[in-house]
Amino acid sequence: MKKSNKKGFTLVELIVVIAIMAILAAVLVPTIVNKINDAKESAAKSDLSTVANAIQSEIISTNSGLPAAGNKYVEVGTDGKISGAKVDTEGKVNIAYASGVFTLTHSDLPEKNYTVNATDGTVTNNIGD
């Protein structure tokens with residue numbers, strides 16, 4: 001009698017392993033994606049808070065309602081308007097100024113913002129957390 005000396009896996013075994021891997025992937029991928037989105041949102045909130053606090057600090061220290069040129073927090077153009085944040089936010093924080101209020105938005109969180117009153121430096125969190 002000849003001895004069968006086959007090595008390897010049967011087709012059924014391979015299909016079972018692939019099915020188990022597919023089930024695990026189906027469960028884990030949405031969780032991982034949610035965690036990544038939560039991390040981006042948290043980073044965006046932190047960036048907005050940092051820039052809002054920097055503008056607030058500058059307004060309070062200058063008592064002028066606008067950050068002074070050459071300050072260490074925000075870039076002030078030659079026309080006196082704020083053109084960006086010096087705080088490292090990778091260029092994702094947009095600063096708009098109108099009617100005595102700075103509005104800060106983040107490219108990763110465009111529907112939410114912070115506002116800073118240029119008169120007294122009051123920061124309003126319009127993010128909801």
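## Strands β5 and β6

Strand β5 and strand β6 (residues 123-125) run antiparallel and are joined by three bridges. Here, two strands count as paired if DSSP finds at least two bridges between them. The strands themselves are DSSP runs (E, at least two residues), numbered from the N terminus.

## About the model

This is a predicted model, in which local features need pLDDT of at least 70, side-chain atom pairs count only at pLDDT 80 or more, and totals for chains, interfaces and linings use all residues. Residues are numbered from 1 along each chain as its sequence is written, and side-chain values use heavy atoms, with hydrogens and water left out.

## Strands β4 and β5

Now let's turn to the other partner of β5. Six bridges pair strand β4 (residues 101-106) with strand β5 (residues 109-117) in the antiparallel sense, and a hairpin of two residues joins them. Within this pair, V101 has N117 as its bridge partner in β5, while T105 stands opposite N113.

## The whole sheet

Put together, the four strands form an open sheet in the order β3-β4-β5-β6, with antiparallel pairing. At its edges lie β3 (93-98) and β6, each pairing on one side only. From one strand to the next, the twist averages 25°, where axes are lines fitted to C-alpha atoms and angles run from 0 to 180 degrees between N-to-C directions.
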